[in-house]
Amino acid sequence: MEVEGIFMEEKILWQGKPESLIDKAKGKLNSVEYIITNERIRIKHGLIGKKEDEIDLVRINDIRVDQGIKDRVQGIGDIVLTTTDTLNPAFIIQSIKNPHEVKELLRKAIREEKERQNVRYHEGL
């Protein structure tokens with residue numbers, strides 16, 4: 001990708017799979033993978049039939065961590081993203097380890113990508 005004469009390379013910032021006890025029991029049958037890059041989030045699903053969802057970081061408006069008592073004990077949680085995407089207005093990264101750390105990494109990446117693309121947020125518009 002080239003922006004204003006500068007070649008930008010998409011870089012993986014974080015990648016992981018759901019880590020709940022149920023997901024761990026599935027082992028290799030756990031076919032969900034999350035990839036966060038400096039430009040977008042990708043969620044890959046499926047063992048035989050493959051499906052991939054993605055959302056550009058600039059389309060994310062809000063980010064939060066949902067973590068119940070069982071999740072806290074296991075050190076996992078969900079990251080819930082509110083987006084401007086009409087197909088995926090709520091994008092969820094489920095049952096990941098260290099959700100607060102991943103949220104902060106993602107928050108920083110969102111801010112940097114919006115600044116790079118000169119995207120401004122104006123509440124109420």
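Author: From the N terminus on, the elements of the protein chain run β-β-β-α-β-β-β-β-α-β-β-α. In total there are 3 helices and 9 strands. The model is predicted: local features need pLDDT of at least 70, side-chain atom pairs count only at pLDDT 80 or more, and totals for chains, interfaces and linings use all residues. Residues are numbered from 1 along each chain as its sequence is written, and side-chain values use heavy atoms, with hydrogens and water left out.

Reader: What makes a stretch a helix or a strand here?

Author: Both are DSSP runs, numbered from the N terminus. A helix is H or I with at least four residues; a strand is E with at least two. Strand S7 covers 60-66, and helix H3 covers residues 99-116.

Reader: How do you know that S7 and S8 pair?

Author: Two strands pair if DSSP finds at least two bridges between them. S7 and strand S8 (residues 76-83) are joined by 6 bridges, so they pair, and they run antiparallel. Asp66 stands opposite Asp78 in S8.

Reader: Which sheet do they belong to, and why are S7 and S9 at its edges?

Author: They belong to an open sheet of 3 strands, ordered S7-S8-S9 with antiparallel pairing. Strands S7 and S9 (90-97) each have a single partner strand, so one side of each is left without a neighbour in the sheet. From one strand to the next, the twist averages 20°.

Reader: What packs on this sheet, and at what angle to S7?

Author: Helix H3 does, touching S7, S8 and S9. Its direction makes about 175° with that of S7. Axes are lines fitted to C-alpha atoms, for helices over the stretch in contact, and angles run from 0 to 180 degrees between N-to-C directions. Contact means heavy atoms within 4.5 Å.

Reader: What is the strand order in the sheet of 4 strands?

Author: The order is S3-S4-S5-S6, again an open sheet with antiparallel pairing. Strand S3 (12-16) and S6 stand at the edges; each has a single partner strand, so one side of each lacks a neighbour in the sheet. The twist averages 15° from one strand to the next. S3 and S4 pair over 4 bridges in the antiparallel sense. Ile12 stands opposite Thr37 in S4. H3 packs on this sheet too, touching S3, S4 and S5, with its direction at about 150° to that of S3.

Reader: Why is Asn38 called buried?

Author: Buried means under 20% relative accessible area, exposed over 50%, and partly exposed in between (1.4 Å probe, protein chains only). Asn38 has 18%, so it is buried. Asn38 lies in the loop between strand S4 (33-37) and strand S5 (40-45).

Reader: What makes its reach to Lys11 a polar contact?

Author: A polar contact is a pair of N or O atoms within 3.5 Å; within protein, one must be able to donate a hydrogen and the other to accept it, and residues adjacent in sequence count only if both atoms are side-chain atoms. The side chain of Asn38 reaches the backbone nitrogen of Lys11 at 2.6 Å. It also reaches the backbone oxygen of Glu9 at 3.4 Å. Both values are within the cut-off, so both qualify.

Reader: Why does the phi of Ser95 deserve a remark?

Author: Most residues other than glycine have a negative phi. Ser95 has a positive phi of about 55° although it is not a glycine. Ser95 sits in strand S9. With a relative accessible area of 16%, Ser95 is buried.

Reader: And Asn118: buried or exposed?

Author: Exposed, with a relative accessible area of 53%. Asn118 is in the segment after H3. Its phi is positive as well, near 55°.

Reader: What makes a group of residues a nonpolar core?

Author: Its members are buried Ala, Val, Leu, Ile, Met, Phe, Trp, Tyr and Cys residues, joined through side-chain atoms within 4.5 Å. The largest one has 20 residues; Ile41, Ile79, Leu81, Ile93 and Leu106 touch the most other members. S4, S5, S7, S8, S9 and H3 each supply at least two residues. H3 gives the most, with 4 residues. Leaving aside neighbours within four places in sequence, Leu106 is in contact with Ile36, Ile41, Leu57, Ile63, Ile79, Leu81 and Ile93.

Reader: How much of the chain is buried?

Author: Buried residues make up 34% of the 125 residues in the protein chain.
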